[in-house]
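User: I am new to this structure and would like to learn how its features are read. Please show it to me, and let us proceed step by step.

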Amino acid sequence: MLYNEAGQFSTRYAQDRRVFRLRQDRHALLALLLFAFVAVPYLGNDYWFSAILIPFLVLSLAGLGLNLLTGYAGQLSLGSAAFMAVGAFATYNFELRVPGLPLLLSLALGGVCAALTALLFGLPSLRIKGFYLLVSTLAAQFFVQWALTKFSWFSNDSASGVISAPPLQLMGVDFSSPAGRYLFTLGVVVVLFWLGKNLVRSELGRNWMAVRDMDTAAAVIGIPLLKTKLLAFAISGFFLGIAGALWAFTYLGTVEPHGFDLNRSFQVLFIIIIGGLGSLLGNFLGAAFIVLFPILLSNLAGLLPAGLIDAGQVENLQKMVFGALIILFLIKEPEGLARLWQRFRERARRWPLRY
Amino acid sequence: MFKRSLLSSLALAVSLSATAFIAKADGEQYFPLQSYRVGPYAAGGTGFFGGFIDYLKYVNANGGVNGVKLTWSECETEYVVEKGVECYERLKNGLNGAPAAATNPLSVGIAYATLDRSTADKLPLITINHGRTDSTDGSVFPYAFPLQLNPYSEVSAIINYIGQQSGGLDKLSGKKIVTLYHGSPYGKETNEVLQALADKYGFSLTLLEVPHPGNEQQSQWLNIRRAKPDWVILRGWGVMNPVALKSAQKVGFPADRIIGNIWSNSEEDAAPAGAAAKGFISITTHPSGTTFPVTQGIKKDVIDAGHGDLADPKRFGTVYYNLGVVNGILNVEAVRLAQEKYGHKPLTGEQVRWGFEHLKLDDARLKELGALGLVQPLQLSCSDHEGGGAVRFQQWDGEKWNLISDWVQADRALLRPIIEASAQKYAKEKGITPRDCSQAS
Amino acid sequence: MDFFFEVLIGGLLAGVMYALVAIGFVLIYKASGVFNFAQGAMVLFSALTFVSLLERGLPFWLAFVLTLAAMVLLALAVERVVLRPLVNRSPITLFMATLGLSYMIEGFAQALWGAQVHGLELGISDEPLAVGGMLLSSFDLFAAATAALLVLVLSLLFSKTRIGLSLRAVADDPVAALAVGIRLQRIWAVVWAVAGFVGLVAGLLWGARLGVQFSLSLIVLKALPVLIIGGFTSISGAIVGGLIIGASEKLAEVYLGPFVGGGIENWFPYVLALLFLLVRPAGLFGERAIERV
Amino acid sequence: MSTRHSAVPAPLLALDNISLSFKGVTAVAGISFSVAPGEICALIGPNGAGKSSLLNVINGVYQAQEGRIHFAGQVQRRMRPHDAAQRGIARTFQNIALFKGMTVLDNVLTGRNLKRRSSWLEQALRVGRVAAEDDLQREAAERVIAFLQIQPWRDAIVGTLPYGLQKRVELARALAAEPTLLLLDEPMAGMNAEEKAQMSRFIVDINREFGTTVVLIEHDIGVVMGISHHVVVLDYGRKIGDGPPDQVRQNPDVIAAYLGTRH
């Protein structure tokens, strides 16, 4: 039996509260972390780090950011990319203009700037609900992009408005190599997911879900709606901001405001739809899907005899399959890949019994 | 475990498919193509990469480069930066043993994102007619080549042309010029230089921004109508161009006083505007048309043989297609030149870089290539990665482009200090020690 | 002062073009409660199909009819494949499904017709008309007239036909409509087909303005603030919202733009719509439901 | 007709001439009554009599156009849901307003959100008093869960539970807030006799064990007469009866309203 639960009883609430209650799960997580931190840097190559693993990690984090707001607190947003942009450009400016500021601190401060921006555009959320709220997040999307392009101060007056990342150094250690950038990203993402996990299991997380499921009832039991919603916007903005900074610093090494356009917001939204709304694991699954699926498809198309299907048609096909999958997920598995995984795990817990 | 197994099975599939069907390709020179054939900018991508690929096929049909055959593979970027990066990482190591010569993304965003990587991987990054202006300074950017024309040269040449039309640069004083630019880093890039030129020559300059994507320009053109400028410089991109021409007609501004820049100069930019585009002037680094010996050769050896890359054969000889051909000529010439130094065999990116840096195309060589009049005379060096800086002006007659000027040169001496200052700033930000170009061979 | 009116009128006419796209949204939202993000993709698809047929030598009317037939087929497919399986799901889910739908339609349209830029001439000259010292675009006037005609046709359709009556019933109270034997699925298919028709008209007019190309699908972003101001459920709201957005964004760009550097048209309508919402949370013409607990 | 106040000194809750209308349609017209501390007060009346609206006014979901609310010694023109919760008013809803995507335990825990002292930041970082506080909250929630006998479903997602259980979970959530006043909107609607009996017992037990004052809306006259100390009868937004059950039962207006002779 894979899962031997015999003898594992929670005798204290603290044990029951654990993120992973079962010993097997904790061991698996530990093994996974060890694998990611120790084995992967040795096994991976440049292509895997630069083109797959780093964007996967960063997009998982962005997914987490939006998931807190949309999946947990139930506030639909199409402004994710704007908050990512604020995080990226703020971090860049903190690094540039405050000499000697440690990288991690500028990253956190960049996140705070994004949080404040998100807070501002979240203000209407008390009065405006549902689709009407989209207009606020879209206003953020367009306004931020415009402001970052317009005021060249944000990009240190570079003529083209493109910022490029300073060397990645942390306490004297250089993280500029692909493996280094991967480890740096992984470290930040693991810490932030730990934080996210604590948040969704805390009082605030429950309040978010309460507001999501029925805000009138939430108000009646004394949950302060405005504070709860605004915190959702701010914390979501914080996570997205750091994701944006990582996108610029550890993934691309450069970024322009246009890199955080509406399509990026959609991409993050698709991650959480496919991965699973209101699931932490879902962010990883969704991001893995979004990163790997197009690459897989274009590689598979490469297998076909040349001339049968050109690169452009593959892209069109990918777009169609993508759209179809989104609809399919919404119809068949609204809780996303995370739910599939959960079912699989439940079966594994009972295996070999079937009931 | 599910996640891991999902990941690993995907990984397996990716690596399997990447390595399957290995065709022996030793002894060939490889061009990784970050192409884009769908999405909003597909028209540019299909034309450019069509011309590029057709030229490579043409070279192969005629024995390759000193016997070395050329090979290539495409990776669709859809003009999206991170897809371009993924393609770069996927293709940079060559194909089945054939080493990569250079990357040609034809996208400012992808070029920026792969700039550092190109330097680290020692793979030339070719940004023909676009890219970072300051990468012209090869001492700071050894692997970046904004061939023929960087953005600053572009506007300088346009101002020089307007000067010519007005009867001399001294007559520019008191003229009124409006620049209508795309609301993006690309669009804004030349604003400072334009301002500097305005200060120098004494014309008045009004900068008007059109928000991306540019499908509404009513207010900008009403402003233009009010300002009554002598000329409008159109720094457009994609849908912004035809809409600009249509909106100009709407407010009664004559099309022959509008000068399109290098990304407003294709058939796809003018034709959708229909009658409104008649008379529209734009710059080009190369004429459109099919009459050059090299394009005739492509027609004979590639297209008529049924191997042409264009889905729509009508686009043969268009601006984007010919740009692809020009780009092919420059890449292949760099390879040929480098072969003279390193031997007639497939070369590494580092070796091809040498070829680019010593690229020299005079009229005699261009004639040999059958590209006289298609490609401008070009000489690159360690400190000058642009090499040309000249454009010709063409006018749309409702059906096609007609050349209306000879080569007009940008004032490169004037621009050089600005470019160097910018490159120095970049070097400082990145901690790069510039090469000493007097020592370079 | 002339200039001011010129900007104002130009803006109002541009607003009509926005409203054209917004009407498609309103129809679908009214009948099926779906916020259809794919409307932009439908506009792209219809224009691309039309112009490709035209280029293959078909006469105008035949191309129009065939495109309309394609739009109806699309509507039927959407009803069967997307709406029916998602019945009774949350509006947000339906919205996200239309995001997926717009990807599908965009991919399909390009796979079918390619990604070239096409010019589209409707045979309406765009020479400016001088009226009392002001220049007016004859094309824009034509577009406004078309929009007016379209609204007239739609209102006749809804007030005079059986299907229109059932549609109004469904919009009022879906449960009651079901109870009196109206078949919801059929209504949905009809409404999506009508929205496809509106998309075709919008696609032709916008295609003639911009050229028929991928960017057509982006006009949905211009229609959103219009909807917000007009409310999701009112056609006249969409028209009024379009006029407000068109006029104010042009005036803002011309008179406010210079102070902040211009190029504000992308976000200005959204901020304006946001301000509207803070005063009237359900738009100008929308009704705010009383929450029952 | 009978507008006589029950002469109870220092009521916990008193409504003073409350009126409420929606877009001109009157839902509640000038209603006054008071509830003594520790009593179970039932609001009865035919559908549309304004009972639910009245509960919504008491805890601030609706704002009355006229009148005042006295609660625990304070007078208020209008109540906000959040104030009401903070001052010890909890409630359940006619159509169950649980958080359907959460577990039973989490639902009950949300009921205790006002008892939390640590900030969200402390909870995110899991520092200081957070762990100890988590234990206390959990213990309190477990007591309520045990009291209402829903332990077996502790970890079930609420949306998947049968109706009767959901009603009980909603009661648990309200009870978790340790309210002084509990408003129950048709707690027994749609239940069979056995379930009704069980729910009645819970309500009486809550009232006895914790001294919680209860205002409930119920249609089953048998239940109402059986468990309440005080009955207020509404019809068409007006009060037509107010007093102990036995007395109300004799009231001719009430009989008329219920037997339909007046309509």
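User: Over residues 37-398 of chain B, what percentage of the chain is helix and what percentage is strand?

Analyst: Some conventions come first. The model is predicted, so local features need pLDDT of at least 70 and side-chain atom pairs count only at pLDDT 80 or more, while totals for chains, interfaces and linings use all residues. Residues are numbered from 1 along each chain as its sequence is written, and chains are lettered from A and ligands numbered from 1 in the order in which they are written. Helices (H or I, at least four residues) and strands (E, at least two) are DSSP runs, numbered from the N terminus. Over residues 37-398 of chain B, the chain is 42% helix and 14% strand, with 26 Å between the end C-alpha atoms. An unreviewed UniProt entry places the feature "domain: Leucine-binding protein" at these residues of chain B. UniProt positions are given in the numbering used here, feature names are shortened, and annotations may be inferred rather than shown by experiment.

User: Which residues of chain B have a positive phi although they are not glycines?

Analyst: Two cases may be described, together with how each residue is surrounded. A residue is buried if 20 or more other C-beta atoms lie within 10 Å of its own, exposed if 12 or fewer, and partly exposed in between, with C-beta atoms placed from the backbone. Glu78(B), not a glycine, has a positive phi of about 55°, and its place is the loop between strand E2 (69-76) and helix H3 (81-91) of chain B. Glu78(B) counts as buried because it has 23 C-beta neighbours inside 10 Å. Asn96(B) has a positive phi of about 50° and is not a glycine either; it lies in the loop between H3 and helix H4 (108-121) of chain B. Asn96(B) counts as partly exposed, because 15 C-beta neighbours lie inside 10 Å.

User: Which two residues of chain B does a cis peptide bond join?

Analyst: The bond joins His212(B) and Pro213(B), with omega about 0°. Pro213(B) belongs to the loop between strand E6 (204-210) and helix H8 (218-227) of chain B.

User: How many residues does each chain give to the contact of chain C with chain B?

Analyst: Two residues are in contact if their C-beta atoms, placed from the backbone, lie within 7 Å. Chain C gives 34 residues and chain B gives 36 residues. On the side of chain C that touches chain B, helix H1 (2-32), strand E2 (134-137), helix H8 (184-210) and helix H10 (235-260) each supply at least two residues. H1(C) provides the largest share of that side, six residues. For residue classes, Ala, Val, Leu, Ile, Met, Phe, Trp, Tyr, Cys and Pro count as nonpolar, Asp, Glu, Lys and Arg as charged, and the others, Gly among them, as polar. The side of chain C that touches chain B has twelve nonpolar, 15 polar and seven charged residues.

User: At what angle do the axes of H1(C) and helix H9 of chain C cross?

Analyst: Axes are lines fitted to C-alpha atoms, for helices over the stretch in contact, and angles run from 0 to 180 degrees between N-to-C directions. Angles under 35 degrees count as roughly parallel, over 145 as roughly antiparallel, 65 to 115 as roughly perpendicular and the rest as oblique. The axes of H1(C) and helix H9 (residues 220-230) of chain C cross at roughly 70° and come within 8 Å. H1(C) is therefore roughly perpendicular to H9(C). Residues of H1(C) including Tyr18(C) and Phe25(C) meet residues of H9(C), among them Val226(C) and Leu227(C). The contact of H1(C) with H9(C) involves nine nonpolar residues, one polar and one charged.

User: Is Trp188(C) buried or exposed?

Analyst: Trp188(C) counts as buried because it has 25 C-beta neighbours inside 10 Å. Its place is in helix H8 of chain C. Not counting residues up to four places away in sequence, Trp188(C) touches Ala31(C), Ser32(C), Glu79(C) and Leu83(C). Trp188(C) and Leu83(C) are 105 residues apart in sequence, and their C-alpha atoms are 8.3 Å apart in space.

User: How many helices and strands are there in chain A?

Analyst: Chain A has 14 helices and four strands. Of its 355 residues, 57% count as buried.
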